[in-house]
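Please look through the structure below with an eye to its aromatic rings, and then to its pockets. The paragraphs after it take these topics in turn.

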Amino acid sequence: MQPFYEFIWNLFSSQALLKVTATAGLPLTIILAVMFIRKKNHDERGWKIIGKASIVSFSYIMIMANVIADITGRDFFAERLNYLFYANTIQWLYDTVILLEIISILVLRKIE
């Protein structure tokens, strides 16, 4: 399991990753805001779709928060944690939650 932790450590301690994920976070946030604001979503069906997608995203963030806490609580990370690792972790979690919300809305629109 040590090589996996080493890979995670190297990836999330990269300043380049932080720049990429922070840059990706802005367009994802704008896309989600536009999806919420659209007139098409101001009816009962639109709010139902957004609500279901939000439940999926909330479930994902709760699961991932526990996975992240478990991984960072291991001895391998205990003495190494720093600002860059935390910033990358939080930014990655934010980006994936927003991306999951967008995908969920698009899928639920097709299904319902």
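The structure, a predicted model, holds 3 aromatic pairs, where rings of Phe, Tyr and Trp (its six-membered ring) pair if their centres lie within 6.5 Å, and planes under 30 degrees apart count as stacked, over 60 as edge-to-face and the rest as tilted. The rings of Trp9 and Phe85 have centres 5.2 Å apart and planes at 25°, so this pair is stacked. It links distant parts of the chain, since Trp9 lies in helix α1 and Phe85 in helix α5, 76 residues apart; helices are DSSP runs of H or I with at least four residues, numbered from the N terminus. Both Trp9 and Phe85 are buried, a word that stands for under 20% relative accessible area, with exposed over 50% and partly exposed in between (1.4 Å probe, protein chains only).

The rings of Phe12 and Trp92 have their centres 6.0 Å apart and their planes at 80°, and the pair is therefore edge-to-face. This pair too links distant parts of the chain, with Phe12 in helix α1 and Trp92 in helix α5, 80 residues apart. Phe12 is buried, at a relative accessible area of 9%, whereas Trp92 is partly exposed, at 28%. Ring pairs link Trp9, Phe12, Phe85 and Trp92 into a cluster.

A pocket is found on a 1 Å grid over the protein atoms alone, as an open set of points where a 1.4 Å probe fits, with protein on both sides within 12 Å along at least five of seven lines, and its lining residues have an atom within 4 Å of a point. The largest pocket holds about 190 Å³ of space, a volume being the space filled by probe spheres set on points joined across faces, edges and corners. Helix α3 (44–72) gives the most to this lining, with 5 residues.

The second largest pocket has a volume of about 150 Å³, and here helix α5 gives the most to the lining, with 5 residues. Its lining divides into 6 nonpolar, 2 polar and no charged residues, where Ala, Val, Leu, Ile, Met, Phe, Trp, Tyr, Cys and Pro count as nonpolar, Asp, Glu, Lys and Arg as charged, and the others, Gly among them, as polar.

Residues are numbered from 1 along each chain as its sequence is written. Local features need pLDDT of at least 70 and side-chain atom pairs count only at pLDDT 80 or more, while totals for chains, interfaces and linings use all residues, and side-chain values use heavy atoms, with hydrogens and water left out.

Note on methods: Helices (H or I, at least four residues) and strands (E, at least two) are DSSP runs, numbered from the N terminus.
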